[in-house]
Amino acid sequence: MIQCFKTLLDKCNSWPQLKQIHGLLTTSGLSRNDPFAWKIISFAATSASADVDYAHRHFRRLPSPTLFHYNAVVRGFSNSRNPIKCVHVFAEMLLNGVVPDYLTYPFVVKASARISDPKLGASVHGQVLRNGFASDVFISNSLVHMYGSTGEVGCARKVFDEMPMRNLVSWNSMLDGYAKCGDVVLMREVFDVMPERDVVSWSALVDGYVKDGNHAEALAVFAKMKVVGPMANEVTMVSALCACAHLGALDQGRSMHRYIVEKGLPLTLILRTSLVDMYAKCGAINEALLVFREASTRKTDVLLWNAMIGGLATHGFTSKALEVFVQMQDFKIKPDEITYLCVLSACAHGGLVKDAWKHFKSITKNGMVPKNEHYACMVDVLARAGHLAEAYKFVSEMPMDPTPSMLGALFNGCINHRKLDLAEIVGKKLIELDPFHDGRYIGLSNVYAVIRKWDEARSTREKMESRGVRKFPGHSYVEVSGDLHRFIAHDKAHLQSREIYSMLNEIGEEMKFRIDLEEQEMLCTPIGV
């Protein structure tokens with residue numbers, strides 16, 4: 001009988017089978033004996049369809065759990081939605097005198113990283129050192145990853161430098177640590193000296209530049225990867241498409257879409273969402289809709305719908321955005337906080353104040369709490385529509401203090417609708433809230449100039465200079481034949497600046513000629529014709 005149960009557990013590959021075998025073992029009085037107890041716990045905690053709570057319940061019934069039992073539960077909880085339970089089981093393990101081994105620590109460290117508690121991670125690191133596992137490459141790799149994930153990149157580098165032996169995972173963990181902490185200089189240094197690189201290395205570098213806001217460099221790395229690196233995967237493509245979306249690099253985005261098709265990469269939901277987002281943010285709404293509609297309604301989630309609604313809203317397709325929002329609910333996709341931000345943005349672009357109020361109130365009705373961003377969107381709706389008194393009252397009665405984005409929306413509305421007395425009040429408050437933002441001073445100074453308060457305009461500029469706030473020039477990217485060109489106002493640094501300005505002058509002269517021609521035609525037209 002015992003051999004029969006062993007065979008059944010070895011061949012078990014589904015939950016119904018496990019529960020049947022577990023029931024038979026329980027009635028036979030063998031469920032708490034090994035190897036049966038360990039196999040039940042291991043399958044329940046670590047299989048593809050894991051139920052670690054089921055494993056833990058059986059674990060608690062064992063009279064004297066062994067290291068193998070503890071390791072299975074620790075591993076299961078480290079990957080669960082509640083990784084703190086992994087730490088609790090580990091602490092219980094120590095209290096019961098069960099000595100952890102080299103298989104225990106990587107999962108406890110992983111749980112510490114997921115909890116984002118550097119003090120807890122340091123405590124586990126101390127246990128590693130005391131128990132003589134400092135030279136274990138797998139444990140050290142998990143420590144490097146943990147410290148990098150919790151912002152302690154200096155500690156990650158110390159562990160990395162002290163490793164007697166490193167593998168590719170060690171280098172990738174250090175690279176990822178710098179990427180997450182935003183230190184792109186050291187990130188690139190590590191990448192450049194790596195003895196070997198795989199798709200994880202290249203993906204981490206691309207993603208690091210994207211997170212740092214250096215989207216042009218992210219695309220340059222991706223271009224190099226296609227020539228000398230491995231084939232990209234889903235992670236690489238999501239980051240690269242994000243860079244295209246931020247830069248409006250439509251030609252490069254289309255090229256990446258072709259790459260996905262040509263290389264046979266699975267068009268997962270995450271990748272499809274990234275494509276929709278890229279096309280939408282680049283203004284190619286029809287292509288975004290095409291990719292969006294190709295998805296099976298059964299295989300969509302709120303992120304994909306948000307990307308489509310947000311893209312339509314951004315480009316002023318208000319009616320279409322609200323139509324897609326209705327379709328989303330028809331397909332039983334529950335809106336989240338981001339959905340309502342997109343919908344309120346659509347209302348702002350379309351001047352739909354009543355609709356905006358309805359959707360704003362729906363946030364609370366659907367069991368969510370409006371966040372600062374929702375209030376800022378509502379202020380924007382009112383300000384754009386010229387309902388400035390209502391917007392100011394709304395800001396004054398909010399349950400939280402106004403943020404710079406809220407007041408910024410109100411300030412812009414005041415400027416656009418020439419309500420300059422209110423613009424002055426809001427502009428002063430903006431400087432108080434955001435004293436190191438150059439645009440706040442320049443905006444208020446311009447208001448003073450328009451209403452001819454020259455002394456106040458000058459003192460506002462002087463205050464900006466005395467606080468060391470500098471005006472940084474804005475820049476734009478222009479994509480020509482897949483290449484990105486960066487420009488600032490009056491820029492002459494571009495290699496073809498002479499030709500560019502010559503063409504601009506030619507266009508300007510052509511425009512003047514056409515205006516003059518139209519005016520002459522109007523003057524020559526007989527009255528009454």
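Modeller: Buried means under 20% relative accessible area, exposed over 50%, and partly exposed in between, with a 1.4 Å probe and protein chains only. This is a predicted model, in which local features need pLDDT of at least 70 and side-chain atom pairs count only at pLDDT 80 or more, while totals for chains, interfaces and linings use all residues. Residues are numbered from 1 along each chain as its sequence is written, and side-chain values use heavy atoms, with hydrogens and water left out.

Colleague: Which residues are buried in H8?

Modeller: Helices are DSSP runs of H or I with at least four residues, numbered from the N terminus, and helix H8 covers residues 118-130. The buried residues of H8 pack against helices H6, H7, H9 and H10, where contact means heavy atoms within 4.5 Å. Those buried residues are Leu120, Gly121, Val124, His125, Gly126, Gln127 and Val128.

Colleague: How far apart are the closest N and O atoms of Arg254 and Glu287?

Modeller: A salt bridge is a side-chain nitrogen of Lys or Arg within 4 Å of a carboxyl oxygen of Asp or Glu. Arg254 forms one with Glu287, and the closest N and O atoms are separated by 2.7 Å.

Colleague: Is Arg254 buried or partly exposed?

Modeller: The pair links distant parts of the chain, with Arg254 in helix H16 and Glu287 in helix H18. Because its relative accessible area is 28%, Arg254 is partly exposed.

Colleague: How many disulfides does the count come to?

Modeller: A disulfide is a pair of cysteine sulfur atoms within 2.5 Å. By this rule, the number of disulfides is 0.

Key. Helices (H or I, at least four residues) and strands (E, at least two) are DSSP runs, numbered from the N terminus. The expected span of a helix is 1.5 Å times one less than its number of residues.
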